Every structure is written in structure tokens, then in C-alpha cells.
Amino acid sequence: MLVKADERIPIARLLQFLEHGERLAHDCARAQAELAPESGMRRFLLGQARQEFYHALVFQGVIAWLAPRHVGACPLLPPLERYRALLEEALRKGHLAETFMAEQIILEGLGEAILSRIE
């Protein structure tokens, strides 16, 4: 995929949202691992957390390559932070299944929607 000069900053902003989502997914998977009732599930979730961390690093690198000095605050991040608060509340209450559903439906859906806009 070739990126035109006028597309760099808008794409970097979308990737900024994805990077933030990956960090949120990392934190969520680590917290889910603490709540997991079985060791196999804990191992899986810790592996998932590691994978999300690496995804965030990749997005961070691409953002730095696309628009190293031009990407500031991302307007999409405040709603994602409200979502983080809801997830953290569910985790505090021990609602593990609710967090799995929220993560798969909301985070994965948002990520897919953004990536489809970039293609």
C-alpha cells in the first residue's frame, strides 16, 4: 500500500487510536488473567496480553514513521478512556465473562472498522 503525503497524518491519527486500543486490550488481558479460574486460561490470557503489547509497539513505530512530529492529541481517545473505565469497573466486580464479551465485540469491532477505512 502506498501512502500519499496528504494521507500520512490522517492515517497516523487512526493508528494512534488503534495503538491506544491495543494498550487497553493488553491491560485488560493482564487483569483477566488474574481473575481466570484455571492455570491454562491464565497462561493464554498472559500470552494474549503480550501479543497486544507487541501490536501497540508496531502501531507506535508506524505512527513515528508516518508523522513523527505532526500527530498530537487524538480526538478519538477520550471515548476509549471512558470505555477503559467501564472495563475496569467490570474487572473490579469480577465479571470476567462480561469483559470477554466487551473486549471482543467493542475493541475488535472498532479495530476492524478503522483498518477497513485505511485500506
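Q: Which helices each supply at least two residues of the lining of the largest pocket?
A: Rolling a probe the size of a water molecule over the atoms shows where empty space is left. In this predicted model, helix 1 (8–35), helix 2 (39–66) and helix 4 (96–118) each do so, helices being DSSP runs of H or I with at least four residues, numbered from the N terminus. A pocket is an open set of points on a 1 Å grid over the protein atoms alone where a 1.4 Å probe fits, with protein on both sides within 12 Å along at least five of seven lines, and lining residues have an atom within 4 Å of a point. Residues are numbered from 1 along each chain as its sequence is written, and side-chain values use heavy atoms, without hydrogens and water. Because the model is predicted, local features need pLDDT of at least 70 and side-chain atom pairs pLDDT 80 or more, whereas totals for chains, interfaces and linings use all residues.

Q: Which residues are closest to the centre of the largest pocket?
A: The volume of this pocket is about 250 Å³, and of its 15 lining residues, Leu-18, Glu-22, Leu-107, Glu-108 and Gly-111 lie closest to the centre. Helix 4 gives the largest share of the lining, 7 residues.

Q: What lies over the face of Trp-65?
A: A charge sits over a ring if NZ of Lys or CZ of Arg is within 6 Å of the ring centre and within 35 degrees of the ring normal. Here Arg-8 lies over the face of Trp-65, at 5.0 Å from the ring centre.

Q: Is Phe-53 buried, partly exposed or exposed?
A: Buried means under 20% relative accessible area, exposed over 50%, and partly exposed in between, with a 1.4 Å probe and protein chains only. Phe-53 counts as partly exposed because its relative accessibility is 33%, and Tyr-54, at 46%, is partly exposed as well.

Methods. Points joined across faces, edges and corners; volume = space filled by probe spheres on them.
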